[in-house]
Amino acid sequence: HRLLGDDMFDAAASAFVRARLPRDGRLVRYGAGLPEFLASFTPVVELDYLPGIAELDLAWIESHLAADAPVLAAADVFALTAEQLLHGRLVPHPSARWLSFPVPAFTIWCHERAEQRLEDALTWRGESALLTRPKGAVVWRAIDAGEVRFLAACAAGLSCDDALESVLDAGAGLDLAVSLPRLLQAGAFARIDDDAS
């Protein structure tokens, strides 16, 4: 609403409601198709960051509504042997949401969420973000593309070693010694399972 202003927001919302009727009685879940709708809504189609803003808003709602679960502590992970860690399966926390954008949607979203205008010219480049709820409130941080791929591979059930290999095979860089502590601190994982279980 702050990005579009009253008139354009009302026009977009009205067109979206006519095009996509609610399918769930819980209105907090309404709007799952908004990013795709905004990407093709002619009056705002030149605002290529707008679908990403909608995706981030939806990710915030999903993270907020996700099931409660313990957060995997860094101390628990680093108490493992290297073999236990590499062969273990890191299970993403139910509240974890990771997204990537070809434009700086995350930077714009962060500033708008804090009701701050961007002071400097924005570098137009891709960004990735992680939203989690480690202590009852949704938090967010920038992450890199390799970390997004790693989280997706973990969510697919790959062992830590195989997840890392899939990131490297895709040509994305990832230094596990740097990224894993950052992801653990963010509350990205609920547990680590033995690959044999």
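Visitor: Why is Asp175 called partly exposed?
Guide: In this predicted model, Asp175 has a relative accessible area of 44%.

Visitor: Where does Asp175 lie?
Guide: Asp175 sits in the loop between helix H8 (160-169) and helix H9 (176-185).

Visitor: What makes the approach of Asp175 to Ala177 a polar contact?
Guide: A polar atom of the Asp175 side chain lies 3.1 Å from the backbone nitrogen of Ala177. The cut-off is within 3.5 Å. The distance meets it, so the pair qualifies.

Visitor: How many aromatic pairs are there?
Guide: The count is five. One of them is Tyr49 with Trp124, 6.3 Å centre to centre and with 80 degrees between the planes.

Visitor: Is Tyr49 buried or exposed?
Guide: Tyr49 is buried, because its relative accessibility of 14% is under the 20% limit. Trp124 is partly exposed, at 45%.

Visitor: Why is the pair of Trp109 and Trp140 called edge-to-face?
Guide: The ring centres are 5.0 Å apart and the planes stand at 70 degrees. That angle is over 60, so the pair is edge-to-face. Trp109 belongs to helix H6 and Trp140 to strand E4 (residues 139-143), so the pair ties together parts 31 residues apart in sequence.

Visitor: How do you know that Trp109 counts as buried?
Guide: Its relative accessibility is 2%. Buried means under 20%, so Trp109 qualifies. Trp140 has 32% and is partly exposed.

Visitor: Which residues form one aromatic cluster?
Guide: Phe16, Phe37 and Phe41 do.

Visitor: What caps the N-terminal end of H7?
Guide: Asp144 does, with a side-chain oxygen 3.1 Å from the backbone nitrogen of Gly146. Gly146 is also among the buried residues of helix H7 (residues 145-155), as are Glu147 and Phe150. After H7 comes Gly157, with a positive phi near 95 degrees.

How values were computed
Residues numbered from 1 in each chain as written. Heavy atoms only, no water. Helix = DSSP H or I, 4+ residues; strand = E, 2+ residues; numbered from the N terminus. Buried < 20%, exposed > 50% of the residue type's maximum accessible area, 1.4 Å probe, protein only. Polar contact = N/O pair within 3.5 Å; in protein donor to acceptor, adjacent residues only side chain to side chain. Phe/Tyr/Trp six-rings, centres within 6.5 Å; stacked < 30°, edge-to-face > 60°.
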